Amino acid sequence: MGAQRNTEQRIMEAAEKIFLEKGYILSTTTLIAKEAGVTHAMLHYYFRTKEQIFIKVFNKNLGELTSSLRPIMKIDRPVWETLEEGIELFFDFLNTHRQLAALIYDVINYNPQLLESYIQSFGGLKNRMFEHHKEMLENEIKSGRINPISIEQIIYDIVTMNMTVFMSITTMKNIINLPSEEIDQFIANQKSEIISKIHYRLYGKLY
């Protein structure tokens, strides 16, 4: 059993590397098997399809993200404090997985059914995580403390703004001729910009 787990782990690590480097479409089970140092037949013993491997890799990354977000979802505190920390945690997660946003975009464009089916299976967990905070948001709106907005719109804005930073960073680096040694500071500034924009959308003033 130990040898089997080690082999499966090697395949997983190789798959994540190939997916992130080449994107979903250009990644093949042949490339993954070669990177893992196993035969093609051995890879298919553990994973029948590329889609199956991708979902397991995606599960791993999503698990890391939800684990980091779960503590703030359980704390009963002001809406903005939860949102601000959520934005920061999500941004920092993408910053440590800089190729992940482009991979997700690749799947959305070329195999949207795969992502749609995954999101449907994830729906129950999503509802459990956000239902309480949806109610908190609605109460804030009714009290007049924040501008009217749905939690779905907030999530959409946070996800798209965060992901756009890391999907476009190489292009923007070339367009604005940003030196490599300044890229980390540029990314940090983008996090502050996103927080200010979300705060302005909710409260009508810059944060």
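Start with Tyr110, which is found in helix 6 (residues 100–110). Keep in mind throughout that this is a predicted model.

**Stop 1**

Is Tyr110 buried or exposed? Tyr110 is exposed, because its relative accessible area is 57% and the cut-off for exposed is over 50%.

**Stop 2**

Next, hide the surface and turn to the charged side chains. How many salt bridges does the structure hold? The count is 9.

Select Lys17 and Glu21. Their side chains meet in a salt bridge, at 3.0 Å from N to O. Both belong to helix 1 (residues 2–26). Lys17 and Glu21 are 4 residues apart there, so about one helical turn separates them. Check the exposure of each partner. Glu21 is partly exposed, with a relative accessible area of 46%. Lys17 also counts as partly exposed, at 35% relative accessibility.

**Stop 2**

Select Asp92 and Lys191. Here the closest N and O atoms of the salt bridge are 2.9 Å apart. Asp92 is partly exposed, with a relative accessible area of 34%.

**Stop 3: helix 7 to helix 8**

Move to Lys134 and Glu152. These residues form a salt bridge whose closest N and O atoms are 4.0 Å apart. The pair is 18 residues apart and again links distant parts of the chain. Lys134 lies in helix 7 (residues 112–142), while Glu152 lies in helix 8 (residues 151–175). Which relative accessible area does Lys134 have? The value is 28%, so Lys134 is partly exposed. Glu152 is partly exposed as well, with a relative accessible area of 48%.

**Stop 4: a network**

Finish with a selection of three residues. Pick Glu16, Lys60 and Glu64, which are linked in a network of salt bridges. Show their side chains together and trace the links from one residue to the next.

Methods. Residues numbered from 1 in each chain as written. Predicted model: local features only at pLDDT ≥ 70, side-chain atom pairs only at ≥ 80, totals over all residues. Heavy atoms only, no water. Helix = DSSP H or I, 4+ residues; strand = E, 2+ residues; numbered from the N terminus. Buried < 20%, exposed > 50% of the residue type's maximum accessible area, 1.4 Å probe, protein only.
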